[in-house]
Amino acid sequence: MSLRIASTSGAPEAIVNALPLPVVVVARDGKIIDANVAAENFFDVSAQLLKRHLLRELVPFGSPLLSLVDQVRERGGAVNEYRVDLSTPRNPGERVVDLYVAPLPEREGHVVVMLQERTIADKMDRQLTHRGAARSVSALASMLAHEIKNPLSGIRGAAQLLEQSAGDEDRTLTRLICDEADRIVKLVDRMEVFADERPVERAPVNIHAVLEHVKRLAQSGFARHIRFVEEYDPSLPPVLANRDQLVQVFLNLVKNAAESIGEGAIDGEIHMTTAFRPGVRLTLPGSRSRVSLPMEFCIKDNGPGVPPDLLPHLFDPFVTTKASGSGLGLALVAKIIGDHGGIIECESQSRHTVFRVLMPMYAGNGSSRTPVEEPEPAEAEAQ
């Protein structure tokens with residue numbers, strides 16, 4: 001790689017490659033002539049292969065990025081553009097970025113393009129919203145347990161007494177009252193899980209053993225018609241978690257994936273992947289500390305995808321696409337992962353839906369390796 005920037009250190013290549021943001025240099029004819037390591041990761045192509053392509057071949061047709069590059073060449077000044085989607089069939093999934101495009105003074109007609117992915121920041125914001133929604137359900141569940149279950153018990157008891165002296169036609173109505181009362185109680189019982197603030201028993205858990213157990217359960221029942229693909233990182237350390245709750249989380253995600261694919265699909269696939277992704281951190285509310293979440297576990301399916309209008313609210317309580325669903329399954333998943341110090345997010349488009357769980361790693365001393373106290377830059381300079 002031969003990207004050149006102004007530097008007094010004598011190591012411009014190392015500086016550019018150390019940047020966490022993708023950077024590419026585009027020639028006058030639109031051909032990519034240089035790219036840093038972050039750009040290789042973003043486009044999932046090596047720098048040598050990137051140099052064989054024109055910029056327009058790597059971005060969506062008619063992308064605003066192309067017009068920005070032309071604008072920079074004409075005006076000779078830098079421009080910014082926010083929240084631009086660069087997802088393509090070559091690079092599926094959510095690819096929303098902020099763009100910074102500037103001329104390269106040393107080479108006439110050449111421009112530098114820097115990308116900043118918005119997905120991680122948006123995921124953090126949405127996850128905090130999910131947790132707030134879960135807390136609202138917790139308060140609602142506590143209220144319902146006291147204000148609804150007791151009256152329902154009385155209603156059901158009265159219906160049973162009436163049933164003893166009712167005729168056949170009326171007995172059908174009393175049975176309906178009992179059945180509906182039982183259904184409401186079951187719904188309240190499910191919601192009471194959100195109000196359970198007791199400490200969870202945790203231990204070092206091998207995530208691959210959890211995923212293998214979930215796969216066996218799925219293949220013996222609701223997902224027997226679906227092909228499973230496993231892509232695991234065998235070097236992953238354990239996570240400090242409650243094994244039963246993790247089984248509940250991933251069984252829910254796999255079941256949702258199977259239901260999305262449907263029973264009639266002949267090419268249905270569910271991919272289960274694990275990876276170590278250093279560098280993902282979450283700032284805790286009301287604190288200046290940041291939590292490192294390097295453990296990534298994904299459940300991917302090739303179903304029709306989640307409707308775009310539903311995607312931002314997918315983990316909110318009572319949101320569901322199922323005719324008979326309660327909308328509490330994914331809300332409970334988000335609560336469990338949040339209680340373990342992690343986050344969960346979904347990216348979806350047709351035939352490519354990914355539920356991604358990010359969690360802290362086990363420190364080996366009975367706790368997760370989190371939070372990581374890191375002072376803000378101003379504090380660091382003052383010390």
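A: We begin with a definition: a salt bridge is counted when a side-chain nitrogen of Lys or Arg lies within 4 Å of a carboxyl oxygen of Asp or Glu. The model before us is predicted. In this model, the side chains of Asp-339 and Lys-335 form such a pair, with an N to O distance of 2.8 Å.

Q: Where do Asp-339 and Lys-335 lie?

A: Both belong to helix α10 (residues 329–339), where they are four residues apart, about one turn of the helix. Asp-339 is partly exposed, because its relative accessibility is 37%. Lys-335 has a relative accessibility of 11% and therefore counts as buried, the cut-off for that class being under 20%. Elsewhere, salt bridges with shared partners join Glu-163, Arg-175 and Asp-179 into one network.

Q: With which residue does Lys-255 form a salt bridge?

A: Its partner is Glu-259, and the closest N and O atoms are 2.5 Å apart. Lys-255 and Glu-259 lie in helix α9 (residues 243–261), four residues apart, about one turn of the helix. Lys-255 is partly exposed at 36% relative accessible area, and Glu-259 is partly exposed at 40%.

Q: Which parts of the chain does the pair of Lys-51 and Asp-34 link?

A: The side chains of Lys-51 and Asp-34 meet in a salt bridge at 3.7 Å, N to O. This pair links distant parts of the chain, 17 residues apart: Lys-51 is in the loop between α3 (47–50) and α4 (64–75), and Asp-34 is in strand β2 (residues 32–35). Asp-34 counts as buried, because its relative accessibility is 3%.

Q: How many salt bridges does a search of the whole structure find?

A: The search finds 14.

Q: How should I approach the nonpolar residues?

A: In soluble globular proteins, nonpolar side chains tend to be buried together. Here the largest nonpolar core has 43 residues, and Leu-246, Phe-250, Leu-253, Ile-270, Phe-297 and Leu-314 have the most contacts inside it. Elements that give two or more residues to this core include α8 (207–219), β9 (269–276), β12 (295–301) and α10.

Q: Which element gives the most to this core?

A: Helix α9 does, with nine residues. Consider Leu-246: leaving aside neighbours within four places in sequence, Leu-246 is in contact with Val-205, Ile-207, Val-210, Val-239, Ala-241 and Met-359. A second, separate core of 25 residues includes Val-69, Val-79, Leu-86 and Leu-115.

Conventions. Residues are numbered from 1 along each chain as its sequence is written. This is a predicted model: local features need pLDDT of at least 70, side-chain atom pairs count only at pLDDT 80 or more; totals for chains, interfaces and linings use all residues. Side-chain values use heavy atoms; hydrogens and water are left out. Buried means under 20% relative accessible area, exposed over 50%, partly exposed in between (1.4 Å probe, protein chains only). A nonpolar core is a set of buried Ala, Val, Leu, Ile, Met, Phe, Trp, Tyr and Cys residues joined through side-chain atoms within 4.5 Å. Contact means heavy atoms within 4.5 Å.
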